[in-house]
Amino acid sequence: MTKYLNDFQFRVGMSGGAEAVLHSTNRVLSERHNDESLSMLNVDFSKAFNLVDRSALLHGVRLRCPSISLWVEFLYGQEERLYLRDTYIWSSTGVQKGDPLGPLLFFLVLHPLLHNMRDNCKILLHAWYLDDGTLIGDSEEMTKALDIIKAIGPKLGLQLNIKKTELFWPSCDGRKLREGLFPVGIERPPLGVKLLRGAVSRDASFVSNLAINRVEGTGNLMRHLSQLSDPQSELLLLRSCMGIAKLFFRLRTCQPVHMEETTLFFDNGLRGTIKDIVVYGGPFFGDLQWRLASYPFGLVVWDYTRH
């Protein structure tokens, strides 16, 4: 399926797809930000995974993945009960949450819609991460793409969510403001957009503020760890659940100059938390102890064939 889906999607069978979408989008924005005819659309569907049409799903599987069609029909070929205490409701649409096949099955339904947009619209950048779509092109072409989504999407169980669909570009030739060109309720952020937990913008304050706001939540969590009064549990939670992976993701997808304040904030919070765990906020925790606490241990592999 990777060969079939890789034209547009960056999630199924692909690692680092979110980073690829963010870097590609920011690169196009940086290179062509003065092109006033362009627009960027962040497309959002309403509860896409829950509402995607199962008949379209089963058709896509039979057509593209016949070797697993019997298994998928066993899973999704009939309604199933979802229990809530002593009652239940019938589940007849969407893919089950947690199903490892879910992303693939969803995209088998979405992909023909993307081919329709490709064949009928001139799109400069066309990238999807599951149900999050990013399109860049001439403003008139973006309108055509929206019309195709609104016309074909409902037949597949894909309802365009205008309130969460965003239109952005730093320069404008006036056409984007023409009444009736884009839906009335579409969001029009002036400085940038949040995409896949990253930032698409040329505005330094927008990027840095987005990063620092998200790291502040992690800082608040770290300050409350001491309430557990259990150093071992505090250290385990600090290592596993305190947002370092999200910080690294932002470091990989934003210009480093915009992340300096964020990294210093996180570093200071981390050092304070380690100090609370090691010496309960008391003395005898200086630069030496901090270097020891953050020492990068490597993995040593014992070669039994040689010893």
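This is a predicted model: local features need pLDDT of at least 70, side-chain atom pairs count only at pLDDT 80 or more; totals for chains, interfaces and linings use all residues.
Let me begin with a term: a residue is called buried when its relative accessible area is under 20%, exposed when over 50%, and partly exposed in between, using a 1.4 Å probe and protein chains only. Residues are numbered from 1 along each chain as its sequence is written, and side-chain values use heavy atoms, without hydrogens and water.

Now the sheet. Helices (H or I, at least four residues) and strands (E, at least two) are DSSP runs, numbered from the N terminus. Two strands count as paired if DSSP finds at least two bridges between them. The order β4-β5-β1-β6 describes an open sheet of 4 strands with antiparallel pairing. β4 (123-129) and β6 (166-168) are at the edges with a single partner strand each, so one side of each has no neighbour in the sheet. From one strand to the next, the twist averages 15°. 3 bridges connect β1 (residues 38-43) with β6 in the antiparallel sense, and leucine 41 has leucine 167 in β6 as its bridge partner.

Next, the helices on the sheet. Angles run from 0 to 180 degrees between N-to-C directions, with axes fitted to C-alpha atoms, for helices over the stretch in contact; contact means heavy atoms within 4.5 Å. Helix α6 (residues 102-120) lies across β4 and β5 (132-138), at about 175° to β4. Helix α7 (residues 139-152) touches β1, β4 and β5, and its direction makes about 140° with that of β5.

On to the core. A nonpolar core is a set of buried Ala, Val, Leu, Ile, Met, Phe, Trp, Tyr and Cys residues joined through side-chain atoms within 4.5 Å. The largest one has 43 residues, and Phe45, Leu110, Leu113, Met117, Trp128 and Leu158 touch the most other members. α6 gives the most to this core, 10 residues. Leaving out residues up to four places away in sequence, the contacts of leucine 158 include Phe45, Phe106 and Leu110.

Last, back to the opening term. Glutamate 234, in helix α9 (residues 231-241), is buried and has no salt bridge. A salt bridge here is a side-chain nitrogen of Lys or Arg within 4 Å of a carboxyl oxygen of Asp or Glu. Counting Lys and Arg as positive and Asp and Glu as negative, with His and the chain ends not counted, the nearest side chain of opposite charge is arginine 239, 13 Å away.
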